Each structure stands twice: as C-alpha cells, then as structure tokens.
Amino acid sequence: HLEDLEVVGGALGDKVLRAVSDHGLPLRTLTFCPRDENALLELVASPMGRIVDYFRDPLPPSRGRGMPLLRSLSLYEFHKATPAAIAEVLRLCPMLETLSLDECFGLSDNTLAAIAKLVGSRLVQLDAHGWRGKHPDGTPSGFRTDGSYWCLWQHGPITDLGIAELAATCDHLASLDIGGSEITDKALEALTRGCGRSLTGLCLRDCHGITSAGLISLAEGCPHLVHLDLCDTVVSHPSGITDEVVYKLVHSCPTLKELNLMRFAQGMHSYHDNTIEELREARPGLKIFH
C-alpha cells in the first residue's frame with residue numbers, strides 16, 4: 001500500500017524503482033534523483049508501449065505495470081532531461097498533477113510545450129528552475145565578482161514562447177517556478193491571461209528581462225498570489241524595484257503571505273526600509289524578505 005517514495009538514485013535506487021514497477025505499487029508521490037539514463041528508464045517502465053532509451057538503443061517493452069496512479073513526480077538534477085525524455089515520462093503518468101524538474105539540465109521551450117500538451121489542465125504545480133552549468137573559467141552561473149551576470153543553457157532557454165504555450169493550456173496552474181528563465185513582460189501577460197485566477201505561487205528569481213510595469217500588471221492580474229519570489233530578479237528600470245512597485249505588489253494581492261525581495265548584487269532595488277516596515281505593520285501576516 002506504499003503511496004509516497006523518495007529515492008536518492010544509485011544502484012539501490014535502480015533496484016527500488018524496478019521493484020516498484022514490477023509490483024505495480026500504487027504510488028502517488030515519487031521524488032527521484034536520476035543520476036543516469038538507466039535509472040530514468042526504470043521510472044517509466046510500463047506495459048503501455050515501447051520503452052525508448054534516448055541515449056543508447058531501443059529497449060523491449062517492460063513487464064512492469066508502471067505507476068498509473070502517480071500524481072506527483074520530482075526529478076532532481078537529471079542532467080539529460082531532454083524534451084523527448086520528459087515527454088515519454090509524462091505519457092506514462094496519466095494522472096500527474098505536480099511536476100518538479102528542479103536543476104534538471106536541458107529544460108527549454110520544447111519541454112514546456114510537451115508538458116502543456118501531455119498534462120494540460122491537470123497541471124497544478126510546476127518547478128522548472130533549470131540547471132545553468134558553469135562558465136568556461138569554472139565559475140558557477142550567477143553573479144560574478146565583477147558584478148556581471150551570465151547564464152549557460154545547453155538546449156535553449158525557457159522564453160516567452162514556452163510560457164505562453166504553457167499558460168494557454170494549463171489553466172488550473174497554482175504554483176510555478178521559472179527562475180533563471182529568459183522571459184520578459186510578455187510571459188507575465190500570458191500567465192495573467194491563462195492562469196491568473198488560479199496562480200497562488202510564483203518564483204521569478206534570477207529573471208532579468210522584466211520591468212516594474214510588468215510586475216505591477218502581474219500583481220493586478222493574479223490577485224490570489226500567496227507566495228511571490230523575486231530574489232535577485234533584475235528589473236529593467238533605472239531604479240529597479242521601487243517603493244511604488246512594492247506597494248502595488250502588496251495591495252494588489254490581499255492574500256499575499258510571503259514576498260521575497262532579497263538580492264545578492266548591489267544596485268538592483270531602490271525601495272526604502274521604512275516602506276517595508278510600514279507594510280509589515282499594515283499586514284501582520286505578511287513576511288517580506290529583503
């Protein structure tokens with residue numbers, strides 16, 4: 001009767017997943033760190049059709065009964081998460097509602113297109129905060145010592161096009177993490193149109209193409225936001241996130257409980273500490289990190 005399972009990968013992880021598949025356990029939640037392609041294939045083992053090894057040769061159909069009841073799947077740090085591989089997993093999880101691809105290598109607009117097509121309106125939560133690799137000089141992605149920022153994508157970044165396709169189909173989406181993506185205000189507009197009424201959690205950390213006007217429009221179009229993460233979000237405005245922007249974000253979202261404005265580079269925001277304190281006093285249940 002096992003319903004929730006977390007597997008860290010490796011040889012033991014492979015054996016556990018094979019047992020899960022062979023015995024048809026009624027898993028509803030699976031957290032998995034697939035360090036290699038064989039481990040991923042154990043995950044999608046199912047009699048529903050041919051299992052394809054995207055990295056070597058086709059494999060024969062599995063004898064396992066798969067995981068048709070799976071509703072939540074977390075694949076962490078999978079460095080070969082091609083759109084084709086993710087699409088195959090989604091086809092074999094017909095009840096999936098929650099998908100985490102945190103730090104997976106290879107996320108792109110094509111990945112979001114596959115999710116929109118194969119999960120659609122069932123999708124409630126998506127974490128697509130992708131892995132960004134290292135700079136040629138060995139420096140991890142992010143802000144460098146000289147204040148510049150760089151980001152390395154291998155299969156194309158997540159852009160406005162991918163977000164638009166996702167938002168148009170996934171109209172019940174409640175939580176979305178697209179940190180580090182190369183989006184602009186157009187993506188925020190698409191989210192507002194497609195799932196503005198259902199969205200309660202949004203992470204835009206490390207996004208560098210949006211404006212203060214875009215953030216204000218987002219807040220006005222997503223009134224049910226509870227969590228908004230703008231950590232290290234670079235707003236395309238001479239003054240960054242101003243007092244006006246912070247006021248608009250808070251007052252447009254009466255259900256907001258957490259607002260993350262933390263930053264690890266200078267010159268990104270221009271709001272004042274007294275603004276934060278004033279809002280905290282007015283909304284005792286609101287946590288503002290800055």
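**Reading salt bridges and a buried strand**

Author: Arg280 is partly exposed, at 27% relative accessible area. Buried means under 20%, exposed over 50%, partly exposed in between (1.4 Å probe, protein chains only). This is a predicted model: local features need pLDDT of at least 70, side-chain atom pairs count only at pLDDT 80 or more, and totals for chains, interfaces and linings use all residues. Residues are numbered from 1 along each chain as its sequence is written, and side-chain values use heavy atoms, with hydrogens and water left out.

Reader: Which side chain does Arg280 meet in a salt bridge?

Author: Side chains of opposite charge can pair when their charged atoms come close. A salt bridge here is a side-chain nitrogen of Lys or Arg within 4 Å of a carboxyl oxygen of Asp or Glu. Arg280 meets Glu277, N to O at 2.9 Å. Both sit in helix α9 (residues 273-282), three residues apart, about one turn. Helices (H or I, at least four residues) and strands (E, at least two) are DSSP runs, numbered from the N terminus.

Reader: How many salt bridges does the structure hold?

Author: Three. One joins Arg71 to Glu97, with the closest N and O atoms 2.9 Å apart. Arg71 lies in the loop between α2 (37-43) and β3, and Glu97 in the loop between α3 (83-91) and β4, so the pair ties together parts 26 residues apart in sequence.

Reader: Are the residues of strand β3 buried or exposed?

Author: Buried, on both faces: Ser72 and Ser74 on one side, Leu73 and Leu75 on the other. Strands pair if DSSP finds at least two bridges between them. Three bridges join β3 to β4 (residues 98-100), running parallel. Leu73 stands opposite Leu99 in β4.
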